[in-house]
Every structure is written in C-alpha cells, then in structure tokens.
Amino acid sequence: ISTKTASTNQIVRVELRESISPTIQINTITGSLDTTIQNTINASISSSSSITAEWISKSSVSYNGTVIMKKSFPLGGVILFPLVLPPHSLIPGYTYTFTLSVISNSLTSYSTINAYLNSPPSSGSVSISPNSG
C-alpha cells in the first residue's frame, strides 16, 4: 500500500492603509462682501490622495441648494480651491451659507461659512445748515 501526501501553500498578503479624511480651511471673510464686484472666499484642502471638491450654497435666495463649483484633483497635497462669486450674484440683506465638501477614498469632509450682506441705506432725510453761504 502506498500513501501519497499532498500539501499546498498559500500566501495571503494583507496591506493596511490608514484612511485619513481631507482637512479643509476656509479663510474668514474680512470686511464685507460687495455685490457690485467679484467676491472671493479663499479655502485650502489638505489630502494625501486624489479628491473631488465642491462648493454648495444652502441659502434661501440665489444659489439655493446648488453646486456652484465642482472640480476633481488627481493628486494629493495642499490644494487651493477658492469660491469665486461674480458681480451682482448676491442680494443685499440676506445671509448666505456656503459649504465646501471634499470626498477622498469614500471619506467626506466639509466646512461651512456664513456671509451676511448688509442692506443699502433706506429712507431718511438730509438737512444742511445754514441754508445759504
């Protein structure tokens, strides 16, 4: 009687990668937004891999719930992604909420900034003294 023994070897390689969500920094708005000129809200994103970034508005007026800007970046690192708002695209007297959302490797990060636009002066009176001279 002969007995044959069979054996197999299998190598399983497991690679663990640390998943770190992207970080976002939106610069504080200094001064006030002017509806008659182009306004820019500066932001930077830090990521170790490719990302898709989008600016979204959740305001009750113009841009309501829409994606304003969207872009994919194939490489990681520090990425500048400002929100550029054309002249006359904002309405004075309203608060706007802008959110920068970033997706990388199925991880989502977001940051939000609120911007209030002052209303122009309304009604009132002007007097000059003396009346002549």
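This is a predicted model: local features need pLDDT of at least 70, side-chain atom pairs count only at pLDDT 80 or more; totals for chains, interfaces and linings use all residues.
Residues are numbered from 1 along each chain as its sequence is written, and side-chain values use heavy atoms, with hydrogens and water left out.

Let me begin with the sheet. When I say strand, I mean a DSSP run of E with at least two residues, numbered from the N terminus, and two strands pair if DSSP finds at least two bridges between them. β1 and β3 run antiparallel and are joined by 4 bridges. They belong to an open sheet of 3 strands, in the order β1-β3-β6, with antiparallel pairing. Because β1 and β6 (77–80) stand at the edges with a single partner strand each, one side of each is left without a neighbour in the sheet. On average, neighbouring strands of this sheet are turned by 15° against each other, direction ignored, where the axes are lines fitted to C-alpha atoms and angles between N-to-C directions run from 0 to 180 degrees.

Now to the interior. In soluble globular proteins, nonpolar side chains tend to be buried together. Here, buried means under 20% relative accessible area, exposed means over 50%, and partly exposed lies in between, using a 1.4 Å probe and protein chains only. A nonpolar core is a set of buried Ala, Val, Leu, Ile, Met, Phe, Trp, Tyr and Cys residues joined through side-chain atoms within 4.5 Å. The largest such core has 22 residues, and those with the most contacts inside it are Ile 26, Ile 45, Ala 53, Trp 55, Phe 98 and Leu 100. Two or more residues come from each of β1 (23–26), β3 (43–47), β4 (51–57), β7, β8 and β9, and β8 gives the most, with 4 residues.

With a relative accessibility of 0%, Phe 98 counts as buried. Leaving aside neighbours within four places in sequence, its contacts (heavy atoms within 4.5 Å) include Ile 41, Trp 55, Ile 68, Leu 83 and Ile 113.

That brings me to the aromatic rings, of which the structure holds 2 pairs. Rings of Phe, Tyr and Trp (its six-membered ring) pair if their centres lie within 6.5 Å, and planes under 30 degrees apart count as stacked, over 60 as edge-to-face, and the rest as tilted. Phe 73 and Phe 81 have ring centres 5.7 Å apart and planes at 85°, so this pair is edge-to-face. Phe 73 is buried at 13% relative accessible area, and Phe 81 is buried at 5%. The rings of Tyr 96 and Phe 98 have centres 6.0 Å apart and planes at 5°, so that pair is stacked. Tyr 96 also counts as buried, because its relative accessibility is 0%.

Finally, some details of the backbone. His 88, in the loop between β7 (83–85) and β8 (95–104), has a positive phi near 65° although it is not glycine, and at 61% relative accessibility His 88 counts as exposed. Asn 105, in the loop between β8 and β9, has a positive phi of about 50° and is likewise not a glycine; at 54% relative accessibility, Asn 105 counts as exposed. Lastly, the peptide bond from Ser 129 to Pro 130 is cis, with omega near 0°, and Pro 130 is found in the segment after β9 (107–116).
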